[in-house]
Amino acid sequence: MRTKQSSAAGYMIVVAIVLGLGSISTFVFGRSYSELALQKEPFHRLSYVPSFDPIEDVTLGVQPNSGNFFAPKLDASIRAIEIYPTQTILYAGGKAIRSINIHAPATLRKLDKVVANRRWISAAGHTVTLDAAVVIEHGSSMTIAAPSTSELIMSVRRGVFLAANRGHLHLSGVYVHASDTKVPTTFTLPGPVAGRPFILAAEDSSMTINNCVFRYLGRDWNSSYGLTWSKGSTGSVRNSLFEHDFIGVYSNDSTNLKVEHDRFYYDSLYGVDPHSGSSHLVIEYNTSDFNGRHGIIFSNHVTDGVVRHNVTRGNGLNGIMMDESSSHNTIEDNTATDNKSGGIVIANSSDDVVSANAIRNNRAGITVRGNSRDVTVAGNTVTGNQVASQGTGLSGNNVYGNGGQWSERRIWAIWLGALGLLILLFAVTWLSKVRRGNHILVPEH
């Protein structure tokens, strides 16, 4: 009996030792503390093709992917309403089919009465539906606001959008959405339906947005991304929700744009994307979560802006990114957490200041890479990331609880080794017992 008990105790000791060694080895050798490789995710974008501006397309009556490489074919189903200070003109297939000499309608409901054609624009109750482009031109102004208009439906067909072209557009308290609930993708060419409707401010226009909701808008094409400010336009967007759009807010050569107290959820590409020469932007008090790639990205010479008091969480790549000579920007007092790649990334951009941010549970906390110079990183709290930083030191920051990433290969190797060791020890013990049993002498009678 004592022999059996001692054998069982021996086996238990062996198991405990092996399990202990496996656990220690997992925590010591199961993490890799080397610098993380640059995150590479499948990314399907349409190739750049020189194309007309959307306003040119619709007034010329050509398809949205028309450019200089082929002679565009006129399409009578593409319709536009241009609103000038003293005249409203209706175009179909690039031809002016009707001219109405009247002061610019100040609202969509007044425009509906002026046009009086449900194939172009229609109103029912507090809802207005667009089946044509509406372009506020050269000094004209329009306000779309609740309670008069609380819902704007934009039909999914070629050439449907709302734009200001050297004009003024204001939306307040309106739910704006496409006529279906299909989410825009990053790799669908403009075809017979041509993707999604969108809203655009172009050519030194002013567009202000307050307390609105935007869903299922935009496509991967020139200035057609969702809500766009371009070519010297400016304005603001406040207290609004952008959900399931291609890009929430996009700018191109825009100045002094303010994006404040907004929410960007599940947009296909980016939440906020100031781009191509935009400057002096204020992006603050926004939440940009679960977007396809970056929560907030400045890219291609976006300068002298402020990104402050924002939350970026669970995005497909980075929380906040400065990219391609987006320099002289201040990134402060933001929270970047649980993003699949970096919390805050500075790439090929110089003279940016990254300060007082909370950066938690990302793949990499703060990354500075490429041709980036004179980047200030100070006063940030960096914790729980797979690695605290890449390409920059974190002296002067509050850094704790970061580590190397878990390596599945190493962990599998450790525990397979532990299992092999356990089997080997059991086998040796069993063989030892067998040999001892064979040497027991049987007494003579």
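Some ground rules. Residues are numbered from 1 along each chain as its sequence is written, and side-chain values use heavy atoms, with hydrogens and water left out. Because the model is predicted, local features need pLDDT of at least 70 and side-chain atom pairs count only at pLDDT 80 or more, while totals for chains, interfaces and linings use all residues.

Ten strands form an open, parallel sheet, in the order 8-11-14-17-20-23-26-29-32-35. Strands here are DSSP runs of E, at least two residues, and helices are runs of H or I, at least four, both numbered from the N terminus. Two strands pair if DSSP finds at least two bridges between them. Strand 8 (141-145) and strand 35 (376-378) stand at the edges; each has a single partner strand, so one side of each is left without a neighbour in the sheet. The twist averages 5° from one strand to the next; the axes are lines fitted to C-alpha atoms, with angles from 0 to 180 degrees between N-to-C directions.

Strand 20 (258-260) and strand 23 (282-284) are parallel, over three bridges. K258 faces V282 there.

Now strand 31, residues 342-347. Six of its six residues are buried, so strand 31 is largely enclosed by the rest of the structure. Buried means under 20% relative accessible area, exposed over 50%, partly exposed in between, with a 1.4 Å probe and protein chains only. Strand 31 pairs in parallel with strand 28 (320-323) over four bridges. Strand 31 also runs parallel to strand 34 (364-369), joined by five bridges.

Next, the cores. A nonpolar core is a set of buried Ala, Val, Leu, Ile, Met, Phe, Trp, Tyr and Cys residues joined through side-chain atoms within 4.5 Å. The largest has 66 residues, and L169, I199 and F214 have the most contacts inside it. Helix 3 (108-115) gives the largest share of this core, four residues. A second, separate core has 13 residues, including I78, A80, F198 and A202.

On to charges. How many salt bridges does the structure hold? Ten. The criterion is a side-chain nitrogen of Lys or Arg within 4 Å of a carboxyl oxygen of Asp or Glu. D75 and R158 meet at 2.9 Å, N to O. They are 83 residues apart, and both sit in loops. D75 is buried at 14%, and R158 is buried at 18%. R308 pairs with E284, also with closest N and O atoms 2.9 Å apart. That pair links strand 26 (306-308) to strand 23. R308 is partly exposed at 23%; E284 is buried at 12%. Shared partners also join D53, R166, E203 and K231 into one network.

Last, two residues. S254 lies in the loop between strand 19 (247-252) and strand 20. Is S254 buried or exposed? Buried, at 0%. A polar atom of the S254 side chain lies 2.7 Å from the backbone oxygen of S233. R360, in strand 33 (358-360), is partly exposed at 35%. Beyond its neighbours within four places in sequence, R360 has contacts (heavy atoms within 4.5 Å) that include D338, T383 and N385. The C-alpha atoms of R360 and D338 are 6.7 Å apart.

Methods:
Polar contact = N/O pair within 3.5 Å; in protein donor to acceptor, adjacent residues only side chain to side chain.
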